[in-house]
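The sequence and the structure come first, followed by notes grouped by topic.

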Amino acid sequence: MPAYTLASRDASPPRPDTTVQIADGVVIGGRAISVIAGPCSVEGRDMLLQTARGVRTAGAVALRGGAFKPRTSPYAFQGLGEAALDMLAHAREVTGLPVVTEVLDPRQIDLVSRVADVLQIGARNMQNYSLLAAVGESNKAVLLKRGMSATLQEFLLAAEYVMTRGNHAVILCERGIRTFETATRNTLDIAAIPILKRETHLPVLVDPSHATGKAHLVTPLACAAIAAGADGLMVEVHPNPERALSDGEQSLTIPQFDEMMRRIRPFAGVLDRPLGAVALQRAS
Ligand code: PEP
Ligand code: MN
């Protein structure tokens, strides 16, 4: 028996794919390919709204945006914190897109949960077991990113930490791992996708932005991820990447994101998978 009992697909009969409902009418996993997009960091109300509208029109089903940022340097922009949460709430109100945002510390969970539809656990916190246990006790879906040096076994055991606390709404996200290669920020582990799809029933997303660190590599790897069986993508988009306060180099402009959505469509089509769409019932 594998060590990750709850996350495992192994059962008789094998467990079918889990779908995670993150908001009314928005489901991650299952047949549809779901794309989550937005800025690395929420930098202001206008840029967030502009990005949210742009990615929604292009076909994203959820808005990402960091309020609390886990930066490598303590001198780098750390996020706008609570003010950014208010901006995310406003962007959801206007566009109808559910919100995915990172939580860095168990003490932030209540505050972030007032706004977030999905709590993101970043790569640097994948093995922060007290944080995993704490989100495991929340009633929000959890997007768990693979640690940059984590094996797939360790990744699945991290998901298991969340699930053992009762929260089974876990979405996995491969975001590249550290290798000797320096041409890219990380190395996208394409094999992780079919391995995870075989090992676990949880939805598997790919983040080609952090996996490469370069905007021109995002679309090719997004196509590769869909072709390899990913259930969706998480992509960084900024209205003006050159002026971004974090991760500008890997951020797509809104037109580039629209183009990426067009380019992944045939790969989804070959696999007979529709691109997820959010009901555009609210004001634009
Ligand atoms: C992010 O998605 O904003 C992020 C910080 O990514 P990661 O945790 O994968 O580095
Ligand atoms: Mn980022």
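D247 is located in the loop between strand 10 and helix 9 (254-270), where helices (H or I, at least four residues) and strands (E, at least two) are DSSP runs numbered from the N terminus. The model is predicted, so local features need pLDDT of at least 70 and side-chain atom pairs count only at pLDDT 80 or more, while totals for chains, interfaces and linings use all residues. Residues are numbered from 1 along each chain as its sequence is written, chains are lettered from A and ligands numbered from 1 in the order in which they are written, and side-chain values use heavy atoms, with hydrogens and water left out.

**Backbone**
- The phi of D247 is near 55°, a positive value in a residue other than glycine.
- S12 and P13 are joined by a cis peptide bond, with omega about 0°.
- P13 belongs to the segment before strand 1 (20-23).
- Most residues other than glycine have a negative phi, and most peptide bonds are trans.

**Manganese site**
- C40 (SG), H210 (NE2), E236 (OE) and D247 (OD) coordinate the manganese ion (ligand 2) at 2.0 to 2.4 Å; donors are N, O and S atoms within 2.8 Å of the metal (3.2 Å for Na, K and Ca), and water is not among the atoms, so sites may look incomplete.
- Along the chain, the donors of the manganese ion (ligand 2) have the spacing C-x169-H-x25-E-x10-D.
- Because C40 lies in the loop between strand 3 (34-38) and helix 1 (45-58) and E236 in strand 10 (residues 232-236), the pair ties together parts that are 196 residues apart in sequence.

**Ligand 1**
- The residues that surround ligand 1 (a heavy atom within 4 Å) include R64, K145, R175, H210 and E236.
- An oxygen atom of ligand 1 is 2.7 Å from an N or O atom in the side chain of R64, and one is 2.6 Å from such an atom of R175.

Methods
A polar contact is a pair of N or O atoms within 3.5 Å; within protein, one must be able to donate a hydrogen and the other to accept it, and residues adjacent in sequence count only if both atoms are side-chain atoms.
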